[in-house]
Amino acid sequence: MMTNSDSFVNPVPSSEPVASQKLLLRPFTRSDFEILYEIDRKCYPPEMAYSRREFRWYMRLPGAETIVAESEGAVAGFILTACFEHTGHIVTIDVLAEFRRARVGTALLDAAEKSLARRGATEIELETAVDNDAAIQFWQRSGYLTRGTLKNYYPGGLAAYAMIKRIPT
């Protein structure tokens, strides 16, 4: 698990103004909870966004870790993962609209994958809605493969793709 001293700065190259700024990736602190909760609510439809209770539950899972991305002191997004023995799981990755296409998600995912590997994960699993083309493309570009479809995974009967990536040891 990352400690408060494990934060680091990544330059995020791109032609977009936000991307020209330095991106700080750091561990979650308790004072981040409300802003991350609000970001989740902005990133997903109300029926898919986590309730406060669900969000806290996922953050408290054994092996859970949340990495926060900041740009110019503003929280741009976060990734919440959990590690269970040799399997990592991406619970959610949320990036505010104004920071998308600026490699914030890529930086968060890279940091999370490295952390999960350090913690013993040899594979990482996730679920993504079958109608979320941007997310599906992001995961595929990042090396994730679809291993199946989970029917009625999301509220309203929406299916999800179960995706996986093997981590070289």
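Mentor: Contact means heavy atoms within 4.5 Å of each other. This is a predicted model, in which local features need pLDDT of at least 70 and side-chain atom pairs count only at pLDDT 80 or more, while totals for chains, interfaces and linings use all residues. Residues are numbered from 1 along each chain as its sequence is written, and side-chain values use heavy atoms, with hydrogens and water left out.

Trainee: Which residues does Tyr144 touch, not counting residues up to four places away in sequence?

Mentor: With those neighbours set aside, Tyr144 touches Ile90, Leu109, Glu113, Ile124, Leu126, Trp139, Met163, Ile164 and Lys165.

Trainee: Does Tyr144 count as buried or exposed?

Mentor: Buried means under 20% relative accessible area, exposed over 50%, and partly exposed in between (1.4 Å probe, protein chains only). Tyr144 counts as buried because its relative accessibility is 1%.

Trainee: Where is the place of Tyr144 among the elements?

Mentor: Helices (H or I, at least four residues) and strands (E, at least two) are DSSP runs, numbered from the N terminus. Tyr144 is in the loop between α4 and β7. Along the chain, Tyr144 and Arg166 are 22 residues apart, and their C-alpha atoms are separated by 8.2 Å.

Trainee: How many helices and strands does the secondary structure of the chain come to?

Mentor: The chain has four helices and eight strands. Read from the N terminus on, the order is β-β-α-α-β-β-β-α-β-α-β-β. The chain has 169 residues, and buried residues make up 47% of them.

Trainee: How do I read the length of a helix?

Mentor: The expected span of a helix is 1.5 Å times one less than its number of residues. Take α3, which has 15 residues and reaches 21 Å from its first C-alpha to its last, close to the 21 Å expected. After α3 comes Gly120, with a positive phi near 105 degrees.

Trainee: Which residues of α3 are buried?

Mentor: An α-helix has 3.6 residues a turn, so residues three or four places apart point the same way. In α3 the buried residues are Val104, Gly105, Ala107, Leu108, Leu109, Ala111, Ala112, Glu113, Ser115 and Leu116.

Trainee: Which residues have the most contacts inside the largest nonpolar core?

Mentor: In soluble globular proteins, nonpolar side chains tend to be buried together. A nonpolar core is a set of buried Ala, Val, Leu, Ile, Met, Phe, Trp, Tyr and Cys residues joined through side-chain atoms within 4.5 Å. Here the largest such core has 42 residues, and those with the most contacts inside it are Phe55, Val104, Leu108 and Trp139. The largest share of this core, seven residues, comes from α3. As for Phe55, its partners are Phe33, Leu36, Tyr37, Tyr50, Phe78 and Leu80, not counting residues up to four places away in sequence.

Trainee: How do I read phi?

Mentor: Most residues other than glycine have a negative phi. Glu72, which is not glycine, has a positive phi near 55 degrees. Glu72 sits in the loop between β3 (64–71) and β4 (74–84). Because its relative accessibility is 63%, Glu72 counts as exposed.

Trainee: What is the phi of Arg101, and where is Arg101 found?

Mentor: Arg101 has a phi near 65 degrees, again a positive value in a residue other than glycine. The loop between β5 and α3 holds Arg101. Arg101 counts as exposed, at 64% relative accessibility.

Trainee: Where does Val130 lie, and which residues does Val130 touch?

Mentor: Val130 lies in the loop between β6 and α4. Not counting residues up to four places away in sequence, Val130 touches Ile136, Thr149, Leu158, Ala159, Ala160 and Tyr161. Its 26% relative accessibility is why Val130 counts as partly exposed. Val130 and Leu150 are 20 residues apart in sequence, and 9.3 Å apart in space from C-alpha to C-alpha.

Trainee: How far apart are Lys151 and Tyr161 in space, C-alpha to C-alpha?

Mentor: Lys151 and Tyr161 are 8.8 Å apart by that reading, and 10 residues apart in sequence. The loop between β7 (145–150) and β8 (160–166) contains Lys151. With 71% relative accessibility, Lys151 counts as exposed.
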